[in-house]
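Here are my notes on the model, point by point. Have the viewer open while you read.

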Amino acid sequence: MGADQTFLDRLRNAGISPGDDEELRLQKSLLFFATGLISLASMVWLLIYWQLGPRFSSNLPFAVQLLLVGNLLVYLKTLNFNAFRVLQLSLFLFTPFVAQWSIGSFITASGISIWALLAPIGAVLFIGPRQSGAWFFAYVFLTTLSGVFDFYLADSLPLSGDKVSPQTAAFFFALNFAAVSTIVYLLLRYSDTEKHQAQARLQEAHRLLQVEQERSERLLLNVLPGPIAERLKNSSQTIADGFAEVSVMFADIVNFTRVAEGLTPQQVFTMLNKIFSSFDELAESYGLEKIKTIGDAYMVAAGLNDARSDCAEALADMALEMCALLHDDFSINEMRLELRIGIGTGPVVAGVVGKKKFIYDLWGDTVNIASRVTSEGVPGMVQVDERSYRRLRDRFDFREPQTIYLKGKGNMVVHRLIGRRSATTVDA
């Protein structure tokens, strides 16, 4: 039963295999279509001849049916399409001439050899224009040969027992040419329809591919900065860049571990997702580069791949707005959490580490300073190092400088940011 089912599937799908490309699928469908039309026509023509008077032998049409169907069955068993189309085209080419010669001359057979034109036309559709030349040459040769035989041998041929009247011959002349023209038209129309459907499928596949590519691009840009993502796509080399002046900010949630102890994992995730998503929106609005989140800490950098001169100012503005957001918006900060924020400025190395699950990260003393300034900060305040202060002091107000001890660095002067100065104060 499994073999029968496979055979029926092959017949229903015109012998098309899953690995066939669109062009080969079209060639197979067209050849099956043409085989069906010619098989039907060979029997219909014999019946019409009988109805109009001439009683030609049914041996040739019956043999054509057996050969066409037999070749089709062999193909469905072997799936050797090259052999199948060569044999079918050979039958298309030779059997009309054999039928014409068995009836008599070109006139008495009503030009039935015109059916052989389906062989070179079929070769164009089933094999390709370049390989169809030999089939057309064979058709022209057989047509010329038939004409030569009719011209030189017609008078010496014995009269056929089944004489065809001029009216019947004329009728079948018109019928043969009309039928062949119809089949050619149907094949060309079917081919064009299938090509348009294949093109539509290709366009749809291309559209879906573009959608997936855009999703992949967005996903990659959510992981990496745009210029870094482009370099990673175009090169397999290690990405590591040095920057002389970058401002780095860490934001750390105060007492997060204690708060999280009384929450379920889902509640912890929901709380962090709300807060960090709002921070993401701020980073995007200020044109800053979010680097990563580390547990309850949020890391942002200014001055990476950016020629702006006010990057540090944008980072300070974002830090102030982050504090204000948690202080004022309890729909985001339901637990009334506070932040410690620290900013450090100086040289860093930025790059992508590893080949799997990669992340764009920063290294250097500046990163360490920013992290430690944050951990030693005051809840609800933005604390910056001396280098950041020098970049911000003309446009921002600060509290009195403080000297704190940083692990591994010793005593360091830090400045606590109050807010941006008014325009009039800056002008003064």
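1. Where is the place of Thr366? Thr366 sits in helix 12, residues 365–375 (helices are DSSP runs of H or I with at least four residues, strands are runs of E with at least two, both numbered from the N terminus). Before going on, the housekeeping: this is a predicted model, where local features need pLDDT of at least 70 and side-chain atom pairs count only at pLDDT 80 or more, while totals for chains, interfaces and linings use all residues. Residues are numbered from 1 along each chain as its sequence is written, and side-chain values use heavy atoms, with hydrogens and water left out.

2. Thr366 counts as buried because its relative accessibility is 5% (buried is under 20% relative accessible area, exposed over 50%, partly exposed in between, with a 1.4 Å probe and protein chains only). Setting aside neighbours within four places in sequence, Thr366 is in contact with Val246, Val248, Gly344, Thr345, Gly346, Pro347 and Val348 (contact means heavy atoms within 4.5 Å).

3. On to the rings. There are ten aromatic pairs (rings of Phe, Tyr and Trp, the last by its six-membered ring, with centres within 6.5 Å; planes under 30 degrees apart are stacked, over 60 edge-to-face, the rest tilted). One of them is Tyr75 with Phe84, stacked at 4.6 Å centre to centre with 15 degrees between the planes; Tyr75 and Phe84 are both buried. Tyr389 and Phe398 are edge-to-face, because their planes stand at 75 degrees, with the centres 4.9 Å apart. Phe398 is buried at 16% relative accessibility.

4. Tyr75, Phe81 and Phe84 are linked by ring pairs into a cluster. The charged end of Lys28 also sits over the Phe81 ring, 5.7 Å from its centre (this takes NZ of Lys or CZ of Arg within 6 Å of the ring centre and within 35 degrees of the ring normal). Elsewhere, the charged end of Arg336 sits over the ring of Phe330, 3.7 Å from its centre.

5. Helix 4 (81–103) and helix 6 (133–153) are the elements giving two or more residues, and helix 6 has the largest share, with four. Val98, in helix 4, is partly exposed at 37% relative accessibility.

6. How many salt bridges does the count come to? Twelve (a side-chain nitrogen of Lys or Arg within 4 Å of a carboxyl oxygen of Asp or Glu). Arg215 and Glu212 meet in one at 3.3 Å, N to O; they are about one helical turn apart because three residues separate them in helix 7, residues 166–223.

7. The bridge between Glu313 and Arg420 has its closest N and O atoms 3.7 Å apart. Glu313 is in helix 11 (residues 311–328) and Arg420 in strand 9 (residues 410–420), so this pair ties together parts 107 residues apart in sequence. Glu313 is buried at 17%, whereas Arg420 is partly exposed at 38%. Salt bridges with shared partners join Glu313, Asp317, Arg395 and Arg420 into one network.
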